[in-house]
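Reader: Could you take me through how to read a packed pair of helices?
Author: Let us begin with the structure itself.

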Amino acid sequence: MIEVTWGAQTHNGHVRQHNEDALLADAPVFVVADGMGGHRAGEVASSIAIDQFRPLVGASALTIADVAAAITAANEAIVEAGEAGASSAGMGTTVVGMIAVEQVGRPYWLAFNVGDSRLYRLFKGELNQVSVDHSYVQELIAAGRLTADEAIGHPERNIVTRALGQDTESQADFWLLPPEVGERFLLCSDGLSGDVSADQILQLLRNSPDPEEAADQLVSAALAAGGRDNISVVVVDVRAIYDFGAHEATIPRGGVPNE
Amino acid sequence: MSENAYRPGTWTAVVSPSFAVFVDELPNERRRVVWQAVSSGADVDDIIRAVTGGTTSGIPPFGLVLRDGDCIRVLVRAGVSAVVTDAGGIRRSIDSGGVSTNIEYVADEVTAVTLGRSGVDSGTSLPILGGIVLADAVLWHPPADEDEVTAPPLAATGQRRATEKTATRIMIDEVPASHQDDEQLADETVVTVGSTPHDELDLAKGGYLAAEADGEVNAAYVDLGREGDHDGYTVTRMTINELRADAAVTPLVQAVSCSLTHLNPPEAFRCRICDEFLDQQEPVLVPRPSLGHLRFSTGQVVELDSRVVVGRSPSAERVSAGELPQLVQVESPAQDISRSHVEVRLDGWRVEVVDLDSVNGTVVALPGRDPERLQPGEPYPLVPNAVIDLAGEVTFRYAPAQ
């Protein structure tokens, strides 16, 4: 079991009429979705996606299959809803999440991503992006034609290459991560990561010990940077793990004895 | 008449002398409906309607066998396999492997039919006269004489049957028009044989088709038609997605089965579970069953239904749902075991162990042979009861399926 505290915040931004983001932050389920599609269809898509994860809230000993089923259900529910109404045809949503699961008696974070919402991990003062965007810009970076810094503000940064509801393939990337006490996760829509640099995100996360305050600070920073898109932020702190520890470096045989 | 039997489990079996229905999940309120339908001599369509509540999407995995005039009908869908024994003692296995299959047999040529969950195959059988039970498999014998049962009235098709008494057959119809233009199906293998519902194939040939058609994709798709009526049998797009999702998590393998529906590699000579000699049969595609367990010196037991990564603090990064490993975290007070130390991989029916470039190495001892140190990154095939030693701190044994 992983004991966590968290803070979550979502905002329309300064430009958009509607908030097409949706989020769910309730242990052990943390998910951010950024919907797309005209005539408020994006709102519908992201909230349909989020709804599929609600049954997992409060559950203990979730499995990979539980989470994979929720993602599949979200995809299918959006495809179905899209086929049902002309105005919602072709709608879709990104989804990024982390959910505590159990395997062989041990807890893990099962993280997943479809699209360009992001999961970051702050541990021992270092911030790492866990998820890898499914976006045109990310493909350019992977091909070596763009640096991460050049990607910020890139005119085509809104093009995602994968989204729930757009494709019938099962297409999420997954990570299974052993939890560590003291680690902090950030889930966000591109309303944050598109306008606020990783350096600034790191500073704000470091300077706000309280996860709710950290979430507020991050949203404020995105608004200050223009607030051109909807902004959603979830900050999760790992407080305790009911498990054994000892995750230090492996000691080579004949090397330093333990203690 | 031989005794009908079931193996207690978690799915629902509805059994009577004239039929057996085996279904993944049957909600409480529908059990009564199914029971009434079958005890009043309902036909196949009525039973399917009772099982599914009338919807064509989201049909649960199910199997059905029933006496229908002078033939025995066996219908299996995703996740259910059937074994049909004929008067000559020849057993044929039918596994949907994600495909809907509907087969008719001439009644007096069938002596027993087993319906079971694909890949679930251990436990003791109990006799049953009739009723609804939670089961993993059902063994059903056709009544010796048609007069013994309330024969389901199938007047409309009775005549045709009377003239077609010769061959065991799978009927495969054309793909419904609504699917033909569907781009989503473009990379799905669609087995289309003939355009009339009366094309006949022998069973072995049908299984071969489904298997060979697999190619790179994970599910063959056979839509079967009956007299031009696709209702209830049409595999909807949603169902295909479900099959794909399943296939994404559990890969399909070629398999043959014994009379108890235990699945085996096509080249197997005796059943890996019950040791029975296997009949000559065409392999079929099925979701890969469990290949056994890993038993750790720490007491942990892991089922081999996906790859396994063992270590002090194992993790997996950016993989698809089907590539997600089971992580086994083992204590290493002396920290001799690396975070991700060793991996057990499944390749079809093969089980392999790979040292993940661990600091202190991995040693494998096959039964009756000297222990060998693994070369980092090089897969090493495991045989049952091989023992794997992680840095001398933790060991685990490959226990085959039982």
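Author: Two residues are in contact if their C-beta atoms, placed from the backbone, lie within 7 Å. Helices (H or I, at least four residues) and strands (E, at least two) are DSSP runs, numbered from the N terminus. This is a predicted model, in which local features need pLDDT of at least 70 and side-chain atom pairs count only at pLDDT 80 or more, while totals for chains, interfaces and linings use all residues. Residues are numbered from 1 along each chain as its sequence is written, and chains are lettered from A and ligands numbered from 1 in the order in which they are written.

Reader: Which residues of α1(A) and α2(A) meet?
Author: From α1(A) come Val44(A), Ala45(A), Ile48(A), Ala49(A), Gln52(A) and Phe53(A), and they meet Ala70(A), Ala73(A), Ala74(A), Ala77(A), Ile78(A) and Ala81(A) of α2(A).

Reader: How is the geometry of such a pair described?
Author: Two packed helices are described by the angle between their axes and the distance between the axes. Axes are lines fitted to C-alpha atoms, for helices over the stretch in contact, and angles run from 0 to 180 degrees between N-to-C directions. Here the axes of α1(A) and α2(A) come within 8 Å and cross at roughly 145 degrees.

Reader: Where does Ala61(A) lie?
Author: Ala61(A) sits in the loop between α1 (41-53) and α2 (64-84) of chain A, and has a positive phi of about 55 degrees although it is not a glycine.

Reader: What joins Ala27(A) and Pro28(A)?
Author: A cis peptide bond joins them, with omega about 0 degrees, and Pro28(A) belongs to the loop between β2 (21-26) and β3 (29-36) of chain A.
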